[in-house]
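Have the viewer open as you read.

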Amino acid sequence: LVTPTDDLEAYDLYLAGRAKMRERGASAFEAVRLFEAAVARDSNWAPAWAGLAESRALLPYYAPGPGEPQVPPDSAYWARSLDAAETAARRALVLDPENASATVALANVLRDRWDWGAAEAMYLRALGLDPDNFEAHQQYAEYLADVGRPGEGLRSARRALALDRSPVRLNVAGFLALENAQFGEAIDYFRQGIALDPEERIPWLRDNLLNAYIDAGRWGEAREYALGMLRHIAPESEPEFVRTWPADTLVPMGFNPALLARYPTFGGSAPAIWMAQDRPDRALDFLERMFGDLPPFSYSDILFYPEYDVLRDDPRFQALLASRGLEGRRPIRLAPGEADTP
C-alpha cells in the first residue's frame, strides 16, 4: 500500500470490502458500507476512498441489497451513484495521485457517462500505474466492448481472468469472446462462471450463455438450457412453456421471444432469437424498446454482437449507436488466426 494506515480496524474493513466487491451482486452494497466504515476510521487513507469509489460505481449494475431501492435503477439513481463514485475517487487521488484503483474508478465513471476518450486515457493511466490490476484490465475490457473494439477487449479480459479467476471475470471474457464470434470459447467461459456462481450474483451469466448457444446455432442445447432455467424461475408456468415451445415448431427449436422476454434472466436474448428467425424488424423493435427504457449512462456492448452485423447500415440501428455517441462504429474483431492469442 502506497499510503499505509495506522488503524488496523480500518485495514480489516478495507480487506472485507475488497472481498465483497469481488463477489459482486448484492455484495457490492455491503462493500460500500464496509469502505464507508473504513473511511470513517481513517479519512486520510487513499485505498479506502478508492475502494469506496469503485464499489459505488458498481451499484446500478446489480440487484439491490437490504434497504436499497427495489426497482431497476433510473437515470437519477445512476447519476447519484456515479457522482458519489467520482467524489470518492477524486478524494483518493488528492491523497495519492498515483493510486491505480482510484484511477480505475474515475475511468468507470467517465465510461458510464459515455465520455469515451477521457475514459480510455484514464484506463491506460491506471494500467501504467499497476499493470497487474485485474479490475483495471476487466473494466478496460468492458470499455472496449462498449465502443466496438472487442478484439482488444478480449485480450484485456483474458489478462484479467489470468490474474483473478472469478465469475465476474469469466462473464466479461465470455461476452467479449461472443462479440468476437468465438462462440465455443464464450460458452466455455459462461459455463465456468455459472459453476462458480451458485448464488447467481452475476445475473447476466445465464442470459449470456443462452445468447451464445443461439449465436452458435446450437439450438438443441439452447432450448434445453432455457427450459430448465425457466422451470427454475417460474415452475408454476411449466405447462405454458411446454405448450408454447413444441419441438416440431417451424421456428428454430420452438423459441417464442415474446414469452422469453417476460423474464429478466433471459430478456436480453430475445432480439438474438428474432434475428435467428429472420425477423430483423422485431429485433429492432425490441432493441429500441430496451435501449429506450435504459437510463442514459448504461452499456452499449450488445450493439456489437455478431447477430446484428446485417443491421449495421439500417437507419434505425445507426440511431441506436448515435444515441450513445457511437455514430458509425463497427466492431473491430480479432483477425482470423488471432482467436487463441493471449
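In this predicted model, helix α1 (residues 8-23) packs against helix α2 (residues 27-41) at an angle of about 160 degrees, and their axes are 8 Å apart. Angles over 145 degrees count as roughly antiparallel, so α1 and α2 are roughly antiparallel to each other. The crossing of α1 past α2 is left-handed. On the α1 side, the contact includes Glu9, Leu13, Tyr14, Arg18 and Met21, and among its partners on α2 are Glu30, Leu34, Phe35 and Arg41. Sorted by class, the contact of α1 with α2 holds 11 nonpolar, 2 polar and 6 charged residues.

Now to another pair of helices. The axes of α3 (residues 46-58) and α4 (residues 75-95) come within 8 Å and cross at roughly 160 degrees, which makes α3 roughly antiparallel to α4. This crossing of α3 and α4 is left-handed. Residues of α3 including Trp49, Leu52 and Arg56 meet a set in α4 that includes Ser81, Arg91 and Leu95. The contact of α3 with α4 divides into 12 nonpolar, 1 polar and 2 charged residues.

Here are the two contacts by residue class:

What does the chain as a whole look like? Its secondary structure comes to 17 helices and 0 strands. Of the 342 residues in the chain, 55% are buried. The chain exposes about 14300 Å², with carbon and sulfur atoms supplying 54% of that area. Among contacts between residues at least 6 apart in sequence, 63% join residues at least 24 apart.

Methods:
Residues numbered from 1 in each chain as written. Predicted model: local features only at pLDDT ≥ 70, side-chain atom pairs only at ≥ 80, totals over all residues. Heavy atoms only, no water. Axes fitted to C-alpha atoms, helices over the stretch in contact; angles between N-to-C directions. Helix = DSSP H or I, 4+ residues; strand = E, 2+ residues; numbered from the N terminus. Parallel < 35°, antiparallel > 145°, perpendicular 65-115°, else oblique. Left-handed = near helix turned anticlockwise from the far one by under 90°. Contact = heavy atoms within 4.5 Å. Nonpolar A, V, L, I, M, F, W, Y, C, P; charged D, E, K, R; others polar. Buried < 20%, exposed > 50% of the residue type's maximum accessible area, 1.4 Å probe, protein only. Areas by Shrake-Rupley, 256 points an atom, 1.4 Å probe, with all protein chains shown as cover.
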